[in-house]
Amino acid sequence: MHPILFYGVPEGCSFGAIVALEWSGLPYQLCRIDMPAVVSSEAYRRINAVAETPSLRTAEGRQVNQSMAILHHIGAHSPGSGLVPPQGTPGFDRFNEVLAFLNTDFFESFSPLWYAMEHGLEGGEQRTLTAMGHHKVRKVHADLENMLGSNPWLAGTQRSAADAYFMGIARWSDFHQVLDRRDFPALHALHERLKAEPAVHFAHAVEHGEAARSTGAFIGHVALRDVLESTTTMA
Ligand SMILES: N[C@@H](CCC(=O)N[C@@H](CS)C(=O)NCC(=O)O)C(=O)O
């Protein structure tokens, strides 16, 4: 068997896991999950009890949820890829620190903006949450700019799974029209570098249902129904 990544559309944070799988060189399949309709369905809750994407079915058939756990799993199963530095090294600590920042502070800073949009808020409530979201998003960009310093990549001199994850979340500031990334020159340069990556083009095309050319070992899509049926058969 090979891993299956359940990725959420539109604009899902699963984007980074798709990029990481491409960079890993591991053979893998994708299962597309529409949000919010399918992600909150009873069928999908059999994959992930908290109704979130991404989720990874491992090559051994276990389910791993949460972006950090998934990225670590992919890295551990592709040790030559450089996605995750070896545990116990300074490189690992740096990688893990920046990934934790992205998965908590950076991710969370967008929640007022998503809430205002998804709950159709208007008037004063909408203005308050929008102002709060803009403040938080600007702050985490300034923080990440400082963390990045003069490094070309978030974990230092080498591309890692943290960069893949960053790309999936950073685009939300374009979606919500929060800031001009050129105000953060190091992050802007990182974003431009990532934009040129074939794996990023691939993930974008996959999300948009366009013809996508894998430079990794992507096998193809599988339907949620088929994954669930095969699980029942195996049980
Ligand atoms: N802590 C989780 C957060 C996952 C998460 O919030 N996923 C969103 C998409 S980015 C989701 O599935 N939302 C469900 C929905 O929109 O209904 C992780 O890091 O994987």
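Domain bounds here come from an automatic or database domain assignment. With that, the chain splits into domain 1, residues 4–82 plus 198–234, and domain 2, residues 90–195. Keep in mind that this is a predicted model.

A quick reminder: strands of a sheet pair through backbone hydrogen bonds, parallel or antiparallel. Here we have an open sheet of five strands. Read the order as β4-β3-β1-β2-β5, with mixed pairing. Which strands sit at the edges? β4, residues 63–65, and β5, residues 217–221, since each pairs on one side only. On average, neighbouring strands are turned by 30° against each other, direction ignored.

Look at β2, residues 27–34. Four bridges join β2 to β5, and the two run parallel. One to find: Leu30 has His221 of β5 as its bridge partner.

Next, the helices. Helix α1, residues 15–24, packs on the sheet and touches β1 and β2. Its direction makes about 145° with that of β1. Helix α3, residues 67–76, lies across β3 and β4. The angle of α3 to β4 is about 125°.

Last, the ligand. There are 13 residues around the ligand. Cys13, Met35, Pro36, Glu52 and Ser67 come nearest. By class, the shell has five nonpolar, seven polar and one charged.

Definitions and conventions. Residues are numbered from 1 along each chain as its sequence is written. This is a predicted model: local features need pLDDT of at least 70, side-chain atom pairs count only at pLDDT 80 or more; totals for chains, interfaces and linings use all residues. A residue is near a molecule or strand if its C-beta atom, placed from the backbone, lies within 6 Å of it. Ala, Val, Leu, Ile, Met, Phe, Trp, Tyr, Cys and Pro count as nonpolar, Asp, Glu, Lys and Arg as charged, and the others, Gly among them, as polar. Two strands pair if DSSP finds at least two bridges between them. Axes are lines fitted to C-alpha atoms, for helices over the stretch in contact, and angles run from 0 to 180 degrees between N-to-C directions. Two residues are in contact if their C-beta atoms, placed from the backbone, lie within 7 Å.
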